[in-house]
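I opened my notebook to look up a few things in a structure that is new to me. Here are my entries, in the order I made them.

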Amino acid sequence: MPVHSIASTAGFDGLAVVEKILEQEDIDFGYDPAKGEYVHMIKSGNMDPYQLVSRELQSLVRDFSYEMWSWLMERLKSSGN
């Protein structure tokens with residue numbers, strides 16, 4: 001969905017861009033709307049693998065914290081405290 005939105009906002013056919021990307025076997029293949037080209041996203045500098053890992057880890061920690069907090073609240077409710 002983000003690829004479609006970005007391409008459409010940049011004035012390109014979002015569906016055509018998504019279809020072209022899905023046809024590729026290389027998962028790092030993507031679309032650079034600034035250039036209007038299909039590129040290797042990491043080699044072209046459009047995607048930083050370290051930033052991606054960092055964001056994913058932050059997301060995991062946030063989700064884990066939420067789940068732990070929810071679990072703790074349920075345990076406290078069930079124990080009557």
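Are H1 and H2 parallel, antiparallel, perpendicular or oblique to each other? I kept in mind that I was reading a predicted model.

**Entry one: the helix pair.** I looked up the two helices, H1 at residues 2-9 and H2 at residues 14-23. Their axes come within 8 Å and cross at roughly 135°. Angles over 145 degrees would count as roughly antiparallel, and 65 to 115 as roughly perpendicular. H1 and H2 are therefore oblique to each other. I also noted the hand: H1 passes H2 in a right-handed crossing.

**Entry two: the contact.** Next I asked which residues of H1 meet H2. From H1 I listed Val 3, His 4, Ala 7 and Ser 8. Facing them in H2 I found Gly 14, Leu 15, Val 17, Val 18 and Ile 21. I sorted this contact by class: six residues are nonpolar, three are polar and none is charged.

Then I looked up the largest pocket, and its volume is about 280 Å³. I counted 14 lining residues. Closest to the pocket's centre are Val 3, Ile 21, Gly 30, Tyr 31 and Met 41. Which elements give two or more residues to the lining? I wrote down H1 and strand E1, residues 29-32. By class, the lining has 10 nonpolar, two polar and two charged residues.

I marked Val 3 and Ile 21 in both lists: they belong to the contact of H1 with H2, and they are among the residues closest to the centre of the largest pocket.

Terms used
Residues are numbered from 1 along each chain as its sequence is written. This is a predicted model: local features need pLDDT of at least 70, side-chain atom pairs count only at pLDDT 80 or more; totals for chains, interfaces and linings use all residues. Side-chain values use heavy atoms; hydrogens and water are left out. Axes are lines fitted to C-alpha atoms, for helices over the stretch in contact, and angles run from 0 to 180 degrees between N-to-C directions. Helices (H or I, at least four residues) and strands (E, at least two) are DSSP runs, numbered from the N terminus. Angles under 35 degrees count as roughly parallel, over 145 as roughly antiparallel, 65 to 115 as roughly perpendicular and the rest as oblique. A crossing is left-handed if the near helix is turned anticlockwise from the far one by less than a right angle, and right-handed if clockwise. Contact means heavy atoms within 4.5 Å. Ala, Val, Leu, Ile, Met, Phe, Trp, Tyr, Cys and Pro count as nonpolar, Asp, Glu, Lys and Arg as charged, and the others, Gly among them, as polar. On a 1 Å grid over the protein atoms alone, a cavity is a set of points where a 1.4 Å probe fits but cannot get out, and a pocket is an open set with protein on both sides within 12 Å along at least five of seven lines; lining residues have an atom within 4 Å of a point. Grid points are joined across faces, edges and corners, and a volume is the space filled by probe spheres set on the points.
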